[in-house]
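Dear colleague,

I would be glad if you could read the notes with the coordinates open beside them.

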Amino acid sequence: VVGMTEPKHVAIVGGGIAGLACAYYLQKKAQAEERPISYTLLEAGGRLGGKIETDASDGFVIEGGPDSFISQKPWARELCLELGLGDRLIGTNDVKRKTYVVFRDQLRALPDGVMLIIPTRFLPFALSPLISPLGKLRMAMDLVIPRRRGADDESLSSFITRRLGREALEKIAEPLMAGIYVADPYRLSLRSTFPRFLDMEQQYGSLIRGMLHQKRMRRRMSSGHQPLPLFMTLRGGLEELVRTLASRLTGDIRLGCKVQSVLRTGTRYRLQLDGDQVLDADGVLMCADAAGLVRPLAPEVGRELDRIRYLSTATVSLVFDRSQVRHPLDGFGFVVPKTEGCRLMAATIVSTKFPGRAPDGKVLLRAFVGGYHNEALVELPDPELVGLVRGELGRLLGVEGEPERVRVYRWRHANAQYDVGHTDLVHRIEARSATKLPGVFYAGGAYRGVGIPDCIHQGEQAAGHCLAYLAGGYPKWHVPSSVSSRQ
């Protein structure tokens with residue numbers, strides 16, 4: 001790698017959490033290595049943060065998009081600590097850590113000890129009315145079913161049905177995974193979303209044995225100190241992270257600035273912006289939907305990017321007085337199997353899940369609609385959408401009367417779908433871009449993980465790759481498209 005002498009400029013397209021992470025780590029790494037790097041972050045909308053949007057007012061903290069991040073993936077928590085937000089981090093209210101599943105129009109508690117679909121405690125599972133006796137027997141057969149030969153990707157439905165049976169898929173796996181990935185289990189790539197399950201099958205020959213082993217290991221590792229909560233957030237909402245991160249950036253940040261097209265000019269790129277503006281860059285970090293910008297430059301890369309599907313969702317948050325809700329509110333919320341008649345995907349009892357989300361005596365509920373369940377609901381007018389949600393919550397939680405406060409957020413074509421073969425698809429996009437579009441890199445929820453930690457990690461990696469390229473080398477991550485790799 002040859003040290004840089006000429007100043008270089010990088011364009012970052014997209015101001016969501018991945019784009020902000022790209023800017024932060026590009027700035028940090030360039031300063032540490034004393035490299036003359038500048039950057040411009042271009043966001044088409046009027047605000048930074050992408051799907052992270054918080055309404056914090058009058059004692060309520062209402063999230064429009066994600067409400068937390070998983071602590072087992074360290075990158076979000078580590079960034080919060082680095083930014084001085086450690087004292088703002090909070091975990092879930094695990095005293096009431098319970099998840100319900102809608103079953104025959106009633107809420108049934110997921111048995112204690114079920115971890116990521118897999119039962120790890122015998123008695124609560126055996127006594128649960130959620131799964132039939134034959135369904136429980138079929139799930140227990142995971143202990144004797146041989147491991148699968150071969151390493152080809154498969155769908156979540158194929159894997160869960162093979163290991164645990166159809167009832168486990170329909171009543172547990174499908175609604176839980178839909179809540180995370182907003183995805184059809186018959187199309188969802190297991191390798192791209194839960195490679196851990198594949199590893200358990202290969203290493204232990206059984207998901208149950210593998211999860212029990214990991215549970216024992218976590219208990220030993222946490223002996224003598226308090227383990228981190230599985231899910232964490234910030235006291236004032238996740239937009240605290242966005243604001244703090246943006247405040248540390250010293251580059252050129254342009255809101256309301258859409259990239260119309262990208263052209264190659266020798267070894268550089270020229271970005272055509274709104275209002276006949278142009279921006280020349282030595283490298284481009286794509287942190288938004290890139291297919292339309294890439295297609296004219298490299299049709300084969302554009303075609304691969306077009307293969308990533310997107311679905312629309314909406315969240316509807318409602319506030320009620322505690323006296324208006326009959327349910328004991330002793331859990332984090334419920335998920336909905338597609339086989340049920342309910343038109344929601346899931347709902348969170350936010351005021352139970354996290355402390356400080358609503359004033360005393362108030363209940364904050366958040367419902368999720370759309371996705372592969374019923375995407376058309378996202379386009380309903382606000383009064384109809386709120387009425388639909390209000391009716392379902394009334395039926396399932398015993399909510400009565402009108403809400404005191406309502407917030408509706410729509411996320412159109414914003415949920416990337418990790419279909420079977422997604423990991424290999426991302427490898428091909430990166431490998432072909434390395435040849436056809438040198439200096440263009442990708443980060444965000446469409447590629448290697450949809451969660452906040454994944455997007456932050458991808459932003460850091462993309463910044464490092466771009467710096468390596470600008471220094472005269474090329475990132476070592478380049479993998480030929482013929483190579484299949486487990487994530």
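A disulfide is taken here as a pair of cysteine sulfur atoms within 2.5 Å. The model is a predicted one, in which local features need pLDDT of at least 70 and side-chain atom pairs count only at pLDDT 80 or more, while totals for chains, interfaces and linings use all residues. Residues are numbered from 1 along each chain as its sequence is written, and side-chain values use heavy atoms, with hydrogens and water left out.

On the cysteines, a search of the whole structure returns zero disulfides. Cysteine 455 has its closest cysteine sulfur in cysteine 287, at 9.2 Å, which is too far for a bond, and for cysteine 466 the closest is that of cysteine 22, at 8.5 Å, again too far. Cysteine 455 counts as buried because its relative accessibility is 7%, where buried means under 20% relative accessible area, exposed over 50% and partly exposed in between, with a 1.4 Å probe and protein chains only. Cysteine 466, at 0%, is likewise buried.

Turning to the helices (DSSP runs of H or I with at least four residues, numbered from the N terminus), helix 5 (residues 156–164) and helix 8 (residues 195–204) have axes that come within 12 Å and cross at roughly 35°. The axes are lines fitted to C-alpha atoms over the stretch in contact, and angles run from 0 to 180 degrees between N-to-C directions. Phe159, Arg162 and Arg163 of helix 5 make the contact with Phe197, Leu198 and Glu201 of helix 8, contact meaning heavy atoms within 4.5 Å.

As for the aromatic rings, the whole structure holds eight aromatic pairs. Rings of Phe, Tyr and Trp (its six-membered ring) pair if their centres lie within 6.5 Å, and planes under 30 degrees apart count as stacked, over 60 as edge-to-face and the rest as tilted. Phenylalanine 194 and phenylalanine 197 form a stacked pair, 5.1 Å centre to centre with 15° between the planes; phenylalanine 194 is buried at 9% relative accessibility, and phenylalanine 197 is buried at 0%. The pair of tyrosine 442 and tyrosine 447 is tilted, because the ring centres are 5.7 Å apart and the planes stand at 50°, and both of these tyrosines are buried. Finally, one aromatic cluster is formed by Phe159, Tyr181, Phe194, Phe197 and Tyr418.

Note on methods:
Helix = DSSP H or I, 4+ residues; strand = E, 2+ residues; numbered from the N terminus.
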